Amino acid sequence: MLAEQKGINEECGVFGIWGHDKAAELTYYGLHAMQHRGQDGAGVVVNNGNCLTSHKGLGLVNDVFKYAPFHELTGDAAVGHVRNATEGSNVYENVQPLLFQSQMKSMALAHNGNLMNTDRLRNELESQGSILQTSSDTEVLAHLIKRSGMEVNEQSLAAALNQTTGAYSFLVMTDDKMYAALDPSGIRPLSIGRIGDAYVVASESCAFDQIGATFEREVLPGELITISSHGMESTRFAIRGQRKMCAMEYVYLSRPDSNVNRVNVHASRKQMGKELAQESPADADIVIGVPDSSISAAIGFAEESGLPYEMGIIKNRYVGRTFIQPSQELREQGVKLKLAPVRGMVEGKRVVMIDDSIVRGTTSKRIVQMLKNAGAAEVHVRIASPPIEHPCWYGIDMSTYEELIAANHSLDEIRDTIEADSLAFLSESGLEQAIVRDKTIHQGICTACMTGEYPVMQDKEKALAHKKS
């Protein structure tokens, strides 16, 4: 789905490697594979055994590392990060990994997700004399670690993590160790791989494929992994709960070639399309998908319905986030710069248009208009996920009910707003059927943005304050 002015964006992606003499270069390639997880900033911290060295900047991975002094970024361990900035926080100081130099033991942190009790923790830290330099959740954890104990180790990390509430994966690197931690509900993805004798940790397994690493296993909810010259050790800093992997990882966020919680993303999206075709068939001539994340679901819908899948929309690969729109009029027409209809395929046809989700509805309306202007006789919109009716508190920037069209309008009203001939969403049970392979503690998804059932709550007062009046 194309971002709708301020569309669905994930917080970031993390990457770490320990025990490889080309750590910095491999981190670059790993971050490049996860560029889709954040386009506002990128960075790496390299460990040569004596000191930690940082290189980071605003922009895409290629821009940040175009003139990177790799000859100076020497060492056999590194952590990296790609960042999606929330509104008002796209400043250099917030680009990760954050590096904290200390006479005792230096530390680099990279973080994916969102801490829900950051405000309270920041107030506590500042009242005790801490001076925070950024608006990042990650810096809060660094201060909690140092407050819990002088040494950065399993005990101080566990004590710090147990003061936090939210959805997160963390990578922490010191002079002699690397740590990886996942929130107790496992809402964010984090996997471990191997390349030769080196260990690799990444938000998505597609990063392993990029560098020739093999997948070993997922980091488990509430687990703290320690990697050092002695190998890998596992401890638990919190009681493991039912796995609640973010459903939007499968719907939209992750790359199709990634495996998230041992489920292939492309396969799950294709099954979403099949479930959608069973639940909401359409009397049409062809099926098309909105590039890129909806293509898999469109293929599944076409296979299940017996309709031909066609390339009805193409995406301009050369229009990036930095494209300059010189006027408001052009900004309003921005979707045309990235997407274009294939008139020869849609003209005179009854079209089923598959998209992964609808957040605000503005982009969906423009795409429907675009197809009809290209001669489509009818446009039947099918969405391969349930309606998004609730804010996400866990790191996706859908933070208010006011911005969500499904929270404020009925199905018929949404259909009329986007000017579709018909509209249907995948059911919650259909989504779960497409993703969850077995009913165990290790399987399960978070659908809070669709159902309002939040697996992690800060407190009842905050929950009530966020509810739609």
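Biologist: In which strand does Cys 12 lie, and what makes Cys 12 count as buried?

Modeller: This is a predicted model, and in it Cys 12 belongs to strand β1, which covers residues 12-18. Buried means under 20% relative accessible area, and Cys 12 has a relative accessibility of 2%, so Cys 12 counts as buried. The UniProt record, an unreviewed entry, places the feature "active site" at Cys 12.

Biologist: Which residues are in contact with Cys 12, leaving aside its neighbours within four places in sequence?

Modeller: With those neighbours set aside, the contacts of Cys 12 are Arg 37, His 81, Val 82, Arg 83, Asn 84, His 111, Asn 112 and Gly 113. Arg 37 also belongs to a network of salt bridges, in which it is linked with Arg 188, Glu 204 and Glu 249.

Biologist: Why is the pair of Glu 124 and Arg 120 called a salt bridge?

Modeller: The closest N and O atoms of Glu 124 and Arg 120 are 2.8 Å apart, and the cut-off is within 4 Å, so the pair is called a salt bridge. The two residues are 4 residues apart in helix α3 (residues 118-127), which means that about one helical turn separates them.

Biologist: What makes Lys 270 and Glu 303 a salt bridge, and where in the chain do they lie?

Modeller: Their side chains meet at 3.1 Å, N to O, which is again within 4 Å, so the label holds. This pair links distant parts of the chain, with Lys 270 in helix α8 (residues 265-279) and Glu 303 in helix α9 (residues 295-305), 33 residues apart. Lys 270 has a relative accessible area of 23% and is partly exposed, as is Glu 303 at 45% relative accessibility.

Biologist: How many salt bridges does the structure hold?

Modeller: The structure holds 18 salt bridges, including one between Arg 350 and Asp 285, whose closest N and O atoms are 2.9 Å apart. Arg 350 lies in strand β20 (residues 350-355) and Asp 285 in the loop between α8 and β17 (286-289), so that pair too links distant parts of the chain, 65 residues apart.

Biologist: How many aromatic pairs are there, and why is the pair of Tyr 168 and Phe 170 called tilted?

Modeller: The count comes to 7 aromatic pairs. The ring centres of Tyr 168 and Phe 170 are 5.2 Å apart and their planes stand at 50 degrees; because stacked needs under 30 degrees and edge-to-face over 60, the pair is tilted. Tyr 168 and Phe 170 are buried.

Biologist: What makes the pair of Tyr 394 and Tyr 454 edge-to-face?

Modeller: Their planes are at 75 degrees, which is over 60, so the pair is edge-to-face, and their centres, 6.2 Å apart, fall within the 6.5 Å cut-off. Tyr 394 lies in the loop between β21 (378-383) and α14 (405-408), and Tyr 454 in the loop between α17 (448-451) and α18 (460-466). Tyr 394 is buried, with a relative accessible area of 2%, and Tyr 454 is buried as well, with 14%.

Terms used
Residues are numbered from 1 along each chain as its sequence is written. This is a predicted model: local features need pLDDT of at least 70, side-chain atom pairs count only at pLDDT 80 or more; totals for chains, interfaces and linings use all residues. Side-chain values use heavy atoms; hydrogens and water are left out. UniProt positions are given in the numbering used here, feature names are shortened, and annotations may be inferred rather than shown by experiment. Buried means under 20% relative accessible area, exposed over 50%, partly exposed in between (1.4 Å probe, protein chains only). Contact means heavy atoms within 4.5 Å. Rings of Phe, Tyr and Trp (its six-membered ring) pair if their centres lie within 6.5 Å; planes under 30 degrees apart count as stacked, over 60 as edge-to-face and the rest as tilted.
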